Amino acid sequence: MRAIWTQCKAEILRIMRNPYYVFWSLMMPIFFYVLFTRIFNTGIDGAEEWQAHYLMSMATFSVMGTAIMTLGIRLVEERSQGWSMFMKITPLSDGAYFFSKMIGQSVIHSFSILVIFMAGAIINGVSLSIQVWLMSFLWILVMSFPFLALGTLIGTMKKVDTAAGVSNVIYMVLAISGGMWMPMDTMPPFIQNIGVWLPSYNFGNGAWQIIRGANPEWTNLLVLIGYLFLFMVLSKYIRRKQEAAV
C-alpha cells in the first residue's frame, strides 16, 4: 500500500510539471471561458444561465483533455524510454501501476475542476447552491473515467509523436462535436445526430442538467459506462497482443 501511495504522489508531481497539463487543462479552458462569456456573448438573454452552462463546458473540456492527452502521451513516453519495462521487475504489479496513475490523474482532475469553478465565480460571479457545485464536481470527476480509459488506449501507441497527434485530433473532435465549445443546437443536424452518442456530449450534458436543477439523464450515464468498458477492453486486448509479440 505504501508503494502505491508513493507512486501516486510521483504521478501527481509529474503531471503538475507537464506543460500539456498547464496549457490544455487550465489556460486554454479559462481563455475560452473569458472569450465566449465576456467578449462574444455580452448582453445576451439569459446571460447568467449561459455563464454557468459554459463554465461546466470548460470544466468538462479541461478534464477530458487531461485524461486523454496527459495520461496517453505519458504512457507512450514511459514505454519508449523503457520505464514500463523497468516497473515489471519492481514489487509493484501492473494493476497497482495503472491504479496509481488513475488516482494521481483524479487528484489532478479535482484541482482542475476547482480552479475553473473559481474562475467562473471570479470572472462572471457565477453563483450556484452548494449542492449544485458539489454534484457538478462529483459528476465531472467520476464520469472522467471513460476518458482515462481512452487515455490508456492511446498509451498503447508506439511513438510519442503519433500519440500526441492522434490525441490532439480526438480531443478537438470530441470537444467540438460534443457541444463543449458551442451549444449542440447550433450545430448542423448531421453533427447533432452523431454528437448525442459521443462520450463528450454525454459527459457535458450531465453537468448541464445539474446546473438547471435536474439530474443527469440515464442515457448520459449508460453511454459513458459503455465507452468505459469499450476503451478498457480494447486497451487490455492491445497490450496483451503487444506483450505476446515481445
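Begin by selecting Glu 49, which is partly exposed because its relative accessible area is 46%, a class lying between buried, under 20% relative accessible area, and exposed, over 50%, with a 1.4 Å probe and protein chains only. The model is a predicted one, in which local features need pLDDT of at least 70 and side-chain atom pairs count only at pLDDT 80 or more, while totals for chains, interfaces and linings use all residues. Residues are numbered from 1 along each chain as its sequence is written, and side-chain values use heavy atoms, with hydrogens and water left out.

A salt bridge here is a side-chain nitrogen of Lys or Arg within 4 Å of a carboxyl oxygen of Asp or Glu, and the structure holds one. Arg 212 counts as partly exposed because its relative accessibility is 41%.

Staying in helix α3, select Gln 51, which counts as buried because its relative accessible area is 13%. Apart from neighbours within four places in sequence, Gln 51 is in contact with Tyr 33, Thr 37, Asn 124 and Val 126, where contact means heavy atoms within 4.5 Å.

Next, colour by secondary structure, and the chain shows 11 helices and zero strands, taken from DSSP runs (H or I of at least four residues for helices, E of at least two for strands) numbered from the N terminus. Of the 246 residues of the chain, 50% count as buried.

Which residues touch the most other members of the largest nonpolar core? Of its 60 residues, they are Phe 32, Met 56, Phe 61, Phe 117, Ile 140 and Phe 203, the core being a set of buried Ala, Val, Leu, Ile, Met, Phe, Trp, Tyr and Cys residues joined through side-chain atoms within 4.5 Å. The elements that give two or more residues to this core include α2 (19–39), α3 (47–80) and α5, and the largest share, 17 residues, comes from α3.

Move on to helix α5 (residues 94–124) and select Phe 99, which is partly exposed because its relative accessibility is 42%. Together with Ile 103 and Val 107, Phe 99 forms a nonpolar patch on the surface, with about 230 Å² of accessible area, as given by the Shrake-Rupley method with a 1.4 Å probe and, for residues, only the protein chains shown as cover. Patches are made of residues with over 30% relative accessible area and no salt bridge, with nonpolar side chains (Val, Leu, Ile, Met, Phe, Trp, Tyr) joined within 5 Å and like charges within 9 Å. Lys 101, also placed in helix α5, counts as buried because its relative accessibility is 1%.

Finally, select residues 107–126, one of the spans that an unreviewed UniProt entry lists as "transmembrane region"; such annotations may be inferred rather than shown by experiment. This span, residues 107–126, is 90% helix and 0% strand, with its end C-alpha atoms 24 Å apart.
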